[in-house]
Amino acid sequence: MLTFADTDFSQLNSTLEKLKPSKIFILVDDNTHEYCLPALLGNLETTVPYEIMEIEAGEEMKTLNTAAQLWEILAEFEADRNAVLINLGGGVITDLGGFIASTYKRGIRFINIPTTLLGMCDASIGGKTGIDHGFIKNIIGTFAEPELTLIFPDFLRTLPFEQLRSGFAEMLKHGLIADKQHWEDLITLPELKAELLYPYIRRSCEIKLEVVKADFHEKNIRKTLNFGHTIGHAVESLFLERGNPILHGEAVALGMICETRLSLLQGLISEEDGEAIIRNICKYFPQISLENISPEELLTLMKSDKKNSHGQINFSLVTAPGTCSYNVSVNEDNIYNALHYYQNLS
C-alpha cells in the first residue's frame with residue numbers, strides 16, 4: 001500500500017496497530033538518523049519496543065557483509081517472524097532493508113519510509129529488494145512487497161541539491177517511458193527545488209505502480225522501467241569499483257542520453273524527438289567524464305545485466321516521449337558509438 005503523508009504519520013501508526021508486531025526495528029543511515037529519525041520517533045504511537053539499526057550512508061554499504069551484520073543484530077535481539085522492520089532512508093536503505101526483511105527467517109514484514117526523491121519515486125515502490133555483489137548493481141535480491149510505503153515529501157527539505165537531482169532523473173524516466181505530459185511538465189521546471197517538485201511526485205509514483213501492477217515479476221512491460229539503466233548501471237558499478245562512486249540518478253541520466261542515442265542509431269525514434277530528449281536531460285545533468293574508462297570495461301559489465309538472455313544485451317529504448325520498447329537487442333558497434341557520442345558532447 002502506498003500512502004502520501006502530507007502532514008502526519010497516522011497511517012504508519014494504524015498499520016503498526018493492525019500488524020501487531022512483537023518488536024519493531026528501524027533501519028537508518030547516519031544521515032537519516034540525524035535528519036529524519038527524530039520526526040519519525042516523535043510521531044510514533046506504539047507501546048511495542050523498538051531498536052535502531054544504523055549503517056553508514058552510501059551505495060558501498062549495500063553488500064552481503066552489511067546484510068550479514070544486520071541479520072546478526074536481528075538474531076541478537078531475538079527478532080521473531082512477527083517483528084516488523086521500518087526502512088527509513090533512500091534507495092540504499094529500502095533496497096537493503098527490504099532484502100534483509102525478505103530473507104531473515106524466510107521473511108518478516110517491513111515498511112518503507114523513503115526520505116529521498118529517488119526513494120520516493122522509484123526505489124521504495126515495486127517490491128524489488130537487492131544488494132550489490134562484486135560491484136555489480138542489485139545482482140542479489142528478491143521480490144517482496146512492503147506492508148506500507150509512506151511518502152512524506154517534507155523530508156525532501158533535508159536533501160542536498162545533488163540528491164534531489166538524482167531522484168529527478170527517475171522522474172524524467174517515468175515520463176519518457178509512459179507519460180508524455182509528465183515529461184513535458186518536468187522539463188519546463190525553471191529549477192530543481194523540493195517545493196516545485198511536490199506536485200509531480202505523486203504522478204511519478206503512480207506511473208511506476210501502474211507498470212509494476214501489470215508485470216510484477218518483470219517478464220515484459222516492467223522492463224521499460226530499466227530505460228537508461230543498462231548503460232547507467234555499468235557506469236555506476238565501475239565508478240563504485242574504483243572507489244569514486246557517483247549518484248544513481250547521475251548514472252541513469254548518462255544512461256538515458258546514451259540509450260536515446262542507441263534508439264536513434266536503431267531507427268526507433270525520430271531525430272527531432274531523440275535530440276530534444278538528449279538536450280533536455282543535458283539541461284539538468286552535467287556531463288560525467290569517462291576519460292579513464294574504456295568502453296570494453298563497460299560492455300563487460302553490461303553483459304551482467306539481469307535483462308539479458310541467451311548472451312544478448314537487451315535494452316529498453318524510448319521510441320518517442322511517453323513510449324518505450326523492451327527486449328531490444330543492440331549490436332556492440334552501436335553501443336560503442338553511443339558511448340563515444342556521450343564522451344564528445346559539448
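Student: Which residues form one aromatic cluster?

Tutor: In this predicted model, the cluster consists of Phe9, Phe152 and Phe155. A search of the whole structure finds 6 aromatic pairs.

Student: How is the pair of phenylalanine 9 and phenylalanine 152 to be classified?

Tutor: One reads the distance between ring centres together with the angle between planes. Planes under 30 degrees apart count as stacked, over 60 as edge-to-face and the rest as tilted. For phenylalanine 9 and phenylalanine 152, the centres lie 4.8 Å apart and the planes are at 40 degrees, a tilted pair.

Student: Where in the chain do these two partners lie?

Tutor: Phenylalanine 9 belongs to the loop between strand S1 (2–4) and helix H1 (10–19), and phenylalanine 152 to the loop between strand S8 (148–151) and H7. The pair thus links distant parts of the chain, 143 residues apart.

Student: Why is the pair of phenylalanine 152 and phenylalanine 155 called edge-to-face?

Tutor: The planes of phenylalanine 152 and phenylalanine 155 stand at 75 degrees, with ring centres 4.9 Å apart, so this pair is edge-to-face.

Student: Turning to helices, at what angle do H7 and H8 cross?

Tutor: A helix pair is described by the angle and separation of its axes, and then by the residues that meet. Helix H7 (residues 161–178) and H8 cross at roughly 145 degrees, and their axes come within 6 Å. The crossing is left-handed.

Student: Which residues make the contact between H7 and H8?

Tutor: H7 contributes Phe168, Met171, Leu172, His174, Gly175, Leu176 and Ala178, while H8 contributes Lys180, His182, Trp183, Leu186 and Ile187. By class, there are 8 nonpolar, 3 polar and 1 charged residues in this contact.

Student: How far apart are the axes of H8 and H9?

Tutor: The axes of helix H8 (residues 180–187) and helix H9 (residues 194–214) are 11 Å apart, and the packing angle is about 150 degrees. H8 passes H9 in a left-handed crossing.

Student: Which residues meet there, and of what class are they?

Tutor: From H8, His182, Asp185 and Leu186 meet Tyr200, Arg203, Ser204 and Ile207 of H9. This contact of H8 with H9 has 3 nonpolar, 2 polar and 2 charged residues.

How values were computed. Residues are numbered from 1 along each chain as its sequence is written. This is a predicted model: local features need pLDDT of at least 70, side-chain atom pairs count only at pLDDT 80 or more; totals for chains, interfaces and linings use all residues. Side-chain values use heavy atoms; hydrogens and water are left out. Axes are lines fitted to C-alpha atoms, for helices over the stretch in contact, and angles run from 0 to 180 degrees between N-to-C directions. Helices (H or I, at least four residues) and strands (E, at least two) are DSSP runs, numbered from the N terminus. A crossing is left-handed if the near helix is turned anticlockwise from the far one by less than a right angle, and right-handed if clockwise. Contact means heavy atoms within 4.5 Å. Ala, Val, Leu, Ile, Met, Phe, Trp, Tyr, Cys and Pro count as nonpolar, Asp, Glu, Lys and Arg as charged, and the others, Gly among them, as polar. Rings of Phe, Tyr and Trp (its six-membered ring) pair if their centres lie within 6.5 Å; planes under 30 degrees apart count as stacked, over 60 as edge-to-face and the rest as tilted.
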